[in-house]
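Colleague: Could you take me through this model and tell me what stands behind the labels?
Modeller: Gladly, let's look at it together.

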Amino acid sequence: MKKLIWATGAGALALTMGLALGAGDAASQATPTATVHYEMDVGTASGMGIGAFGGGGVNIGALLSGRANEPRKELYLRLGSPQATPPNPAAQHFMPAGARLGASVPLTTPTRAPDSERETIPGQESGERPSGRILLFWGCGAHAPAGQPVVIDLARISAGQVPTGLFSTSIPRDRSVSFANSRTYGDWPNGRSNAQVSAQSSLIGAHRVAGNYSPDIAFDLTQDFMPAITARSAANTDGSMNLSWNAIAQATGYYAWTMGFRSNGRGSGGDIVWWTSSASQQFGGGLWDWMSPATVANLVRQRVVLPPATTSCTVPAEVRAAAPDAMFGNLYAYGPEADFAYPPRPANARIPWRPIWTARVRYRANTSWMVGGPGDDAGESASNGNQPAQPNCRRRRGGLGGVLGGVLGGGNGC
């Protein structure tokens, strides 16, 4: 099991599994004695989480103006080698001109595992215990079935222990390259590069990776960033809520989840209400990451991921009723994958194959939105006419962890 760490800061709740940043340098070529692996995660992100919570705080102007919904392209690079780390590890990814990232970007070798490889659970200031509850619901349908919600009492959690059912253990992160499984590791983005992927960036064309702990890795991409996905929610007369989204042609499957809040009125604690579209109790874990088409196809068969033809899902009425103060929606569209290797895999499976290098490029699109917020139809319940209270947002750290922090310490959900 991964080591779990408490998040710090008053009422902090860090549930996000984003990719971490590091630092890099120019490179010379080396030939490995075992396979070197390279990985590119290519994403198109949209929704309120992109513009509204950037820069360390809540940007109300972005929410009200609609700028928060503007899509943003994202790119994460990881190089893993079985070679011992040289005195000055260095590697570069040389990009096609259309990427608008300059001739190359540096791949940094961090001195410790990136934060993306360490899961976090709800916590407060060092030495304090978290308070409040997490209510888990799952499955599409007008009403939650018997046995839901599963209630996790945060006050009973000892430091470093994962509450049963909080994160999925049956769906590990689908990573072939990580700090933990590489003798020498490099990644991007990092602190040594100010380059950023822009809305006009394209990855189509020739790519080359070179380093002093890896061979030259070269491949051509014909698949670009996926189109943006947009979603909205609408209240139904029975108290349930319908989620709907635009179909993405490249999508291999969809996974939706919502996070809602109920304050206890005492300024700390309260309820976090977490729902997922999975037909079984599967939360977080690898579902928040990029996943290969083969993994997604298997999860579709298990009814954990929604089939690629799906464009809607109903959130049970009990979920909305349990979270009257605020709710946020999230949706992932998993995409295709491109694989490269040298030398290529032989057509005859009986011929031994030991590639010098492999490269894997995965794609996805994701979005997030405030349920009942600007541009959403679920602000007013068709059954009772009550509109959920909008959070009184104060400036705090960015990301989903910052959004959720108010629930455990302050109750405002921002």
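Colleague: Which residue stands opposite Leu-77 in E9?
Modeller: That is Trp-188. Before we go on: this is a predicted model, where local features need pLDDT of at least 70, side-chain atom pairs count only at pLDDT 80 or more, and totals for chains, interfaces and linings use all residues. Residues are numbered from 1 along each chain as its sequence is written, and side-chain values use heavy atoms, with hydrogens and water left out.

Colleague: What makes E3 and E9 a pair?
Modeller: Two strands pair if DSSP finds at least two bridges between them; E3 and strand E9 (residues 184–188) have five, in the antiparallel sense. Strands here are DSSP runs of at least two residues and helices (H or I) of at least four, numbered from the N terminus.

Colleague: Why is the pair of Tyr-76 and Trp-290 called edge-to-face?
Modeller: Rings of Phe, Tyr and Trp (its six-membered ring) pair if their centres lie within 6.5 Å; planes under 30 degrees apart count as stacked, over 60 as edge-to-face and the rest as tilted. The structure holds 11 such aromatic pairs. In this one the centres are 5.8 Å apart and the planes at 70°, so it is edge-to-face.

Colleague: How do you know whether Tyr-76 is buried or exposed?
Modeller: Buried means under 20% relative accessible area, exposed over 50%, partly exposed in between (1.4 Å probe, protein chains only). Tyr-76 has 15%, so it counts as buried, and Trp-290, at 3%, is buried too.
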